[in-house]
Amino acid sequence: MSKPLIQLQEISKSFGENHVLKKLDLTINVGESVALIGGSGTGKSVALKIILGLYYPDSGNVLINGERSKPPFEGFLSQIGMLFQGGALFDSLPVWKNVAFKLLRDRKKYSVGEARKIAEEKLERVGLGSEVADLYPAELSGGMQKRAGLARAIADSPKILFFDEPTTGLDPIRTANISALIREIVDENSATALTVSHDMTCVKQIADKVHFLKGGYIAWSGTETEFQNISEGTIYHFVKGLPDTTEVES
Amino acid sequence: MSLVFSFLAAIGRGTFHIFEEVGNLTFFIISTIRSLFKSPFYFKEFLRSVVSIGYFSLPVIGLTALFTGGALALQIYSGGSRFNSESAVPAIVSIGMVRELGPVLCGLMIAGRVGSAIAAEIGTMKVSDQLDALVTLSTNPLQYLVIPRVAAATLVLPILTGVGDILGIMGGFLVGTLKLGFSSQTYLNQAVQFLETADVVSGLVKGAVFGFIVATIGCYCGFRSGMGARGVGKATTQSVALSSILIIASNFILTEIFF
């Protein structure tokens, strides 16, 4: 069996007195689409940022391809695409240069014309016409910025994708479209994906495996089918939006 | 007793905070200097910074220097007339502008105009995850954002200082000839006669040092910005205050060196 692509081993992270992650273990295998769900402030985005090397854990190990790694994960980062919650487009660049940012850094591989062509294709792919290519991020709506962010994440067709709240702030129709699009892109590229989300509809559509984060560690894990059929426990209450009257399952 | 302990604890926390900030700033400056000589160098970003720091600062620097030169001529004339030294006005204006007022005013104006803008821009990028996005796009934020700005400010400030010096002397010239009764020829001759190369060089070196300070502190405050609009606002204010203090302090040290 091949080594897991990403492994978090007993990761702890605190911000002052706030202990966000407590000995978190998480494994993501090659080709899996994993969703990390949980309430606000449970450390989902922190876990994601630790995987990306944007935060240093207080203790524990991050293993990439089975090897213990320390940030910055330069080789790893060159293979990934990341969609940030708010899009995180660069204000000073027009949309097409945002999308083609990584391609424009690699001028040996792509000319400016080729990079622009790819950027416009990716914008079309996420439902934005090429007419937005020359606009600046401030001229786009929040939903459009998010889709442009998605276009940037997939610009060089990466094999590893990360999505931080990909559907937050979108209307229900766009949510369904973006979720379907993400699933399509992941399948098309046989990509490994990690999605952090509150949106259960999106999670059901995107994920093969679901991890529920509570109290700083994984409180429930299961396949997408198990997740669909869950009928009791804390995660059931979370998914249904009911007050939690149960203990966290072991 | 507990009040005493709380007081001592507050002093201790404050002291730790100061040392932490000094340590972080020192580390940032060392990283910046080391990265100046590393690749990749983002030349387009550098050119953009040269234009925004240099070209767009010309009106501010020009007007400040022109009026300061004029005011300086009036003050020196007023003081000099008390012991019959009115004729020293052109020489003192030119030496004062070139050695002291030109670089310091230029540094302070750039701290207000450019340092604050750098801190606000980078702070906003931090708040909206753009700095993290740069990392995930395999781009080092220090190399992409800091180095072009620091290099541009360090190279452009001496030029702005030179322009400020010339316009400051012109301000003195206009006041001297139009109000104080100097002839154009006499004023210009005296303004240049006593000016030495070392005066000009020391002013330009000061300009380069102030440019480095303004851009580095602006970037540092942006990177250390707290979250939200309040955090960015605080970073902007800190950048102007800190770089102004450092400009004044380093000006004294440099003057001492060139004395």
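Author: Helices (H or I, at least four residues) and strands (E, at least two) are DSSP runs, numbered from the N terminus. One of the strands is β9 of chain A, residues 209-214, and K214(A) is in it. The model is predicted: local features need pLDDT of at least 70, side-chain atom pairs count only at pLDDT 80 or more, and totals for chains, interfaces and linings use all residues. Residues are numbered from 1 along each chain as its sequence is written, while chains are lettered from A and ligands numbered from 1 in the order in which they are written.

Reader: Why is K214(A) called partly exposed?

Author: A residue is buried if 20 or more other C-beta atoms, placed from the backbone, lie within 10 Å of its own, exposed if 12 or fewer, and partly exposed in between. K214(A) has 19 other C-beta atoms within 10 Å, so it is partly exposed. From K214(A) to T234(A) the C-alpha atoms are 9.3 Å apart in space, and the two residues are 20 apart in sequence.

Reader: What makes helix α1 of chain A mostly covered?

Author: Eight of the eight residues of α1(A), residues 44-51, are buried. They are K44(A), S45(A), V46(A), A47(A), L48(A), K49(A), I50(A) and I51(A). Just after this helix, G53(A) has a positive phi of about 80°.

Reader: What is the pattern of chain B, read along the sequence?

Author: The pattern is α-α-α-α-α-α-α-α-α, and the chain has nine helices and zero strands. Its C-alpha trace spans about 65 × 60 × 30 Å along its principal axes. Of its 259 residues, 44% count as buried.

Reader: Why is α3(B) called oblique to α6(B)?

Author: Helix α3(B), residues 58-80, packs against α6(B) at an angle of about 40°, with the axes 7 Å apart. Axes are lines fitted to C-alpha atoms, for helices over the stretch in contact, and angles run from 0 to 180 degrees between N-to-C directions. Angles under 35 degrees count as roughly parallel, over 145 as roughly antiparallel, 65 to 115 as roughly perpendicular and the rest as oblique. The angle of about 40° falls in the rest, so α3(B) is oblique to α6(B).

Reader: Which residues of α3(B) and α6(B) meet?

Author: Two residues are in contact if their C-beta atoms, placed from the backbone, lie within 7 Å. Those in α3(B) include L58(B), I61(B), G62(B) and A65(B), and those in α6(B) include L160(B), V163(B), G164(B) and L167(B). The contact divides into 15 nonpolar, nine polar and no charged residues. For these classes, Ala, Val, Leu, Ile, Met, Phe, Trp, Tyr, Cys and Pro count as nonpolar, Asp, Glu, Lys and Arg as charged, and the others, Gly among them, as polar.

Reader: At what angle do α6(B) and α7(B) pack?

Author: Helix α6(B), residues 141-178, and helix α7(B), residues 184-193, pack at about 145°, and their axes are 10 Å apart. From α6(B) the contact takes I169(B), F173(B), G176(B) and T177(B), and from α7(B) it takes S184(B), Y187(B), L188(B) and A191(B). Five of these residues are nonpolar, three are polar and none is charged.

Reader: What makes D129(B) count as buried?

Author: D129(B) has 22 C-beta neighbours inside 10 Å, which is enough for the buried class, so it counts as buried. It sits in the loop between α4 (89-127) and α5 (130-136) of chain B.

Reader: What makes S138(B) partly exposed?

Author: The count for S138(B) is 18 other C-beta atoms within 10 Å, which places it in the partly exposed class. This residue is in the loop between α5 and α6 of chain B, and its phi is near 60°, positive although the residue is not glycine. Most residues other than glycine have a negative phi, and most peptide bonds are trans.

Reader: How do you know that the peptide bond from S39(B) to P40(B) is cis?

Author: Its omega is near 0°. P40(B) lies in the loop between α1 (2-36) and α2 (43-53) of chain B.

Reader: How is chain B divided?

Author: Chain B has domain 1 (1-37) and domain 2 (41-258), with bounds from an automatic or database domain assignment. Their centres, taken over C-alpha atoms, are 28 Å apart. Seven residues of domain 1 are in contact with eight of domain 2.
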